[in-house]
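Reader: Hi! Could you walk me through how the two chains in this model meet?
Author: Happy to, let's take a look together.

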Amino acid sequence: MAGPRAFAAAASLSMLFALSPATAQTPPAESIQIGLSTDAISITAGFSGADLTIFGSLENPDPLIARQGRYDVVVVLEGPPRPVVVRRKDRVLGVWINLDSETFENVPVSYSVATTRPLQDIAEPAKYKQLSLGAQNLYMKPADETDSPATIEEFTAALRERKAATGLYSENVGGVQFLSQNLFRATVRLAPNVPVGTHKARAFLFKSGMFVKESSAQLEIRKSGFEQSVFRVAHDYSFLYGVFAVSLAMLTGWLGRLIFRKD
Amino acid sequence: MGIYLPIAEISVNVFVLLAMGAAVGFLSGMFGVGGGFLITPLLIFYNIPPAIAVATGANQVIASSFSGALSHFKRGTLDFKLGGVLLAGGIVGSTAGIFVFALLRRLGQLDLFISLLYVVLLGTVGGLMLVESVNALRATRNGAAPVLKKSGQHNWIHRLPFKMRFRASKLFVSVIPVLGLGAAIGFLSSIMGVGGGFIMVPALIYLLKVPTNVVIGTSLFQIIFTSAYTTLVHATTNQTVDVILAFLLMAGGVAGAQYGAKAGQRLRGEQLRALLAMLVLAVAIRLAADLFVTPPNLYSLSAAGLN
């Protein structure tokens, strides 16, 4: 009974399409999907940085455009946003002192980008600004917006430079590779000091320089192991931790005397 | 062998830390000082963040002073009453120090303040000691007997009110300078991560005229509690005590101290003091250089809203 009715529905749908020829000729719009094999990764104490591989697929790509290599993908792994103070040292009476500072709200702690080609070859700079895509285009909101634009610009540049120098902001050109017409693989770098917390993986699809679609997924990064437990205890049970540290010191002092006694 | 320090959040070499602890332990055994004034700058040179170096240094000092105070307790060269009054002042000074520490950290001036305090204090103490010991060395070479300052001489400190009797030290003195000295040491302990022995010992001898044999035991006794209190407060307010780091330093330190004590017996007092003075001055000069040399990066980042 269901058979004929479903057939009928399909038939009427195709008739609808037939009635509007414009839609019928346009192939279904492209879109992008990314998948993470896990929604959480644990890094151990000895972690010294790693590459994270993200797989994704293009849906309904136009075979012609795909053959000409005019699809571009930008994948971003963005760390949790945190407020940051940037300080500048200046010489006062010969001594270098932290003098000026600027606070920014919600700066992603880390920001790793992987692209098929250099960003400037994929789309117009204005496009990235609009999408707030790429370390150079991220909007850093100053806490005090009354500061002069020149100052804000100077500290924003310093913030980006410091983040890049510590490996927290990175760009991997050629880090996205198409494995087939539909399937791609993106490799983003995790810095040794990658922050724990909820990271957001985002994939942007460009077709001939035009932004088409975005897809995102969440990734939890946590640290594991003994050292992490110590860190936890130090923050969650700080008083007990202090008592432990003091007792450990006294015990070591007492044992040291016992072992190496000279009197 | 690398190890990840959970609080400092960096990877360090275990053997470097053990050797650092042993070297400082050796020197502290040799010269009879706690060694905190050496450990903290060494940790800073080894790229440990100053805030963590200070709090962990205070933790490390407990171990060496506890083991030292035990020996003095056995020998009866420890004045509990004097130590107790010093301690009362120490707690007040230490609490004030922790507040100043947190405030400076918020203002981004902590590193500068720690370095400046070290340069000024180590420079002064090292310079005075060097002058004194070189004079003593010259005097002995010329054949003259070293002139010892007689205890029991009175100065302005002994004219202050609120006198108290300290039997073990054979002392009858106002509590004001004792409390004040304790408070000053407590303040330095929480800001510099030092026990303060290198200031306490000369102050007790020259200002309060405490007999030399009870000075070290009493100073160590008060340092245990001041640095224990400092460690506790740093742990709760700033979360900057790294037990792994502290333990490695202590383990190296207690072993090194014993050999240092042995080596120290073979050197004469003024030679020891001259060597210690040069060491102290070297640390001060190294720290001072960092203040004046153009840093490679003028900009630095730190988390906002951190206390």
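**Where the chains meet**

Author: Let's start with one pair: A:Val85 stands opposite B:Ser302, which is in strand 5 of chain B. Keep in mind that this is a predicted model.

Reader: How many bridges join strand 5 of chain A to strand 5 of chain B?
Author: Five bridges join them, and the two strands run antiparallel. On chain A the strand covers residues 81-92.

Reader: OK, and what is the order of strands in the open sheet?
Author: The order is 8(A)-6(A)-5(A)-5(B), four strands with antiparallel pairing. Strand 8 (141-142) of chain A and strand 5 of chain B stand at the edges, each with a single partner strand, so one side of each has no neighbour in the sheet.

Reader: What packs on that sheet?
Author: Helix 6 of chain A, residues 149-165, does. Helix 6 touches strand 5, strand 6 and strand 8 of chain A, and also strand 5 of chain B. The direction of helix 6 makes about 85° with that of strand 6 of chain A.

Reader: And how do strand 5 and strand 6 of chain A pair?
Author: They pair in the antiparallel sense over 11 bridges, with strand 6 spanning residues 95-108. As one example, A:Arg88 has A:Asp100 in strand 6 as its bridge partner.

Reader: Nice. Stepping back, how much area do chain B and chain A bury between them?
Author: About 4,500 Å², with 67% of it on carbon and sulfur atoms. B:Tyr4, B:Tyr299 and B:Leu301 supply 15% of the area that chain B buries against chain A, more than any other three residues.

Reader: How many residues are in contact?
Author: 50 residues of chain B are in contact with 49 residues of chain A.

Reader: Which elements of chain B supply at least two residues of the side that touches chain A?
Author: Helix 3 (50-75), helix 4 (80-107), helix 8 (212-237), helix 9 (243-265), helix 10 (269-292) and strand 5 (299-303) each do. The residues on that side of chain B divide into 30 nonpolar, 13 polar and seven charged.

Reader: Changing topic: what do strand 3 and strand 4 of chain B form?
Author: A hairpin, with four residues between the strands. In the turn, B:Lys170 has a positive phi of about 50°. Strand 3 (residues 163-166) and strand 4 (residues 171-174) of chain B pair in the antiparallel sense over four bridges, and B:Met164 has B:Val173 as its bridge partner.

Definitions and conventions:
Residues are numbered from 1 along each chain as its sequence is written. Chains are lettered from A and ligands numbered from 1 in the order in which they are written. This is a predicted model: local features need pLDDT of at least 70, side-chain atom pairs count only at pLDDT 80 or more; totals for chains, interfaces and linings use all residues. Side-chain values use heavy atoms; hydrogens and water are left out. Contact means heavy atoms within 4.5 Å. Buried area is the accessible area (1.4 Å probe) that two parts lose on being put together, summed over both. Ala, Val, Leu, Ile, Met, Phe, Trp, Tyr, Cys and Pro count as nonpolar, Asp, Glu, Lys and Arg as charged, and the others, Gly among them, as polar. Two strands pair if DSSP finds at least two bridges between them. Axes are lines fitted to C-alpha atoms, for helices over the stretch in contact, and angles run from 0 to 180 degrees between N-to-C directions.
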